[in-house]
Amino acid sequence: MKILIATEKPFATEAVKGIQQVFGNAGMETSLLEKYTAKAQLLEAVKQVDAIIIRSDIIDADVFEAAQNLKIVVRAGAGYDNVDLETATAHNVVVMNTPGQNSNAVAELAAGLMVYAARNFYDGTSGSELMGKKLGIHAYGNVGRNVARIAKGFGMELYAYDAFCPAGIIENEGVKALSSAEELYETCQYVSLHIPATPATKNSINYALLNRMPGKAVLINTARKEVIHEAELVELMEDRPDFKYLTDIVPGNDAEMKAKFPKRYFTTPKKMGAQTTEANNNAGIAAANQIAGFLLKGDTKFRVN
Ligand code: 3PG
């Protein structure tokens, strides 16, 4: 069996070694395609393989067409909006993710962005503290609950809204469950986004919702850029000089945001929430074990299509 690790944004070296070891022990052959710059390189690399490990790499119909032996794709991470699930199913390819494996890393980055916002982007001026401030966690999945755990340490007041997670689970963890996104944004000075990019959530973080936030509002996005209505965010930040936006995903209108809001807008250069050795080890090795389990034993736990 041939396995490809296709990561435009590479894993830590240690994680790659760990993945290779899992496949070595299972008698499988691993190839590595990192930092590729053209889709043609990916299409060439997938030709003979039975399985692929990816991160945010785009797996579309062209990839399924090129990979005639492909049986399984595992997204080493949580969000699988980068994989064309319908085409995967049509080609009889199993798609899985590795939920929870990189969530602490993303949550720590979100916490860091909150501190960066509170301290005025470390510009030397007097900032504020997180203690006693209200934090709204928008979607209480693996990342959201890790953010709650960390924010408790800061002494923040915690609120969450999740359309799917029962209120009892949220409240058991000392977080107040609210019944709508509107209520969450109205209540909280800080909001941390943890919703996936789906047709229903795309552009859903818009002017009307954000304008409900109280004064000195801070929006943290370590989820997906697609959930933000970018044009309306610009409008809002023009109308609300108190509003800050910090993101781990470069927006489509990065140049405009930088030019208009140099002291209230920050983006990492490349999504790096999950970019830690620990998260790479956890997600990468879980992906490898899931592939070995599927190919050798037909185990389909974590299948998403
Ligand atoms: C995820 O969905 O797991 C995170 O967004 C991390 O994505 P990455 O593997 O591209 O860093």
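In what order do the seven strands form an open sheet?

## Sheet

The order is β8-β7-β6-β9-β10-β11-β12, with parallel pairing. Strands here are DSSP runs (E, at least two residues), numbered from the N terminus, and two of them pair if DSSP finds at least two bridges between them. β8 (176-177) and β12 (265-267) stand at the edges with a single partner strand each, so one side of each lacks a neighbour in the sheet.

β6 (residues 134-138) and β7 (residues 157-161) run parallel and are joined by five bridges. Lysine 134 has glutamate 157 in β7 as its bridge partner.

## Basis

This is a predicted model: local features need pLDDT of at least 70, side-chain atom pairs count only at pLDDT 80 or more, and totals for chains, interfaces and linings use all residues. Residues are numbered from 1 along each chain as its sequence is written, and side-chain values use heavy atoms, leaving out hydrogens and water.

## Ligand site

Residues around the ligand (a heavy atom within 4 Å) include Lys9, Arg55, Arg75, Arg224 and Lys271. The shell divides into five charged, four polar and two nonpolar residues. Nonpolar means Ala, Val, Leu, Ile, Met, Phe, Trp, Tyr, Cys and Pro; charged means Asp, Glu, Lys and Arg; the others, Gly among them, are polar.

Polar contacts are N or O pairs within 3.5 Å. A polar side-chain atom of serine 56 lies 2.5 Å from a ligand oxygen. For a polar side-chain atom of asparagine 102, the distance to a ligand oxygen is 2.9 Å. A polar backbone atom of glycine 79 is 2.8 Å from an oxygen of the ligand. The protein buries 95% of the 320 Å² that the ligand exposes when taken alone (Shrake-Rupley method, 1.4 Å probe).

Note on methods. Polar contact = N/O pair within 3.5 Å; in protein donor to acceptor, adjacent residues only side chain to side chain. Helix = DSSP H or I, 4+ residues; strand = E, 2+ residues; numbered from the N terminus.
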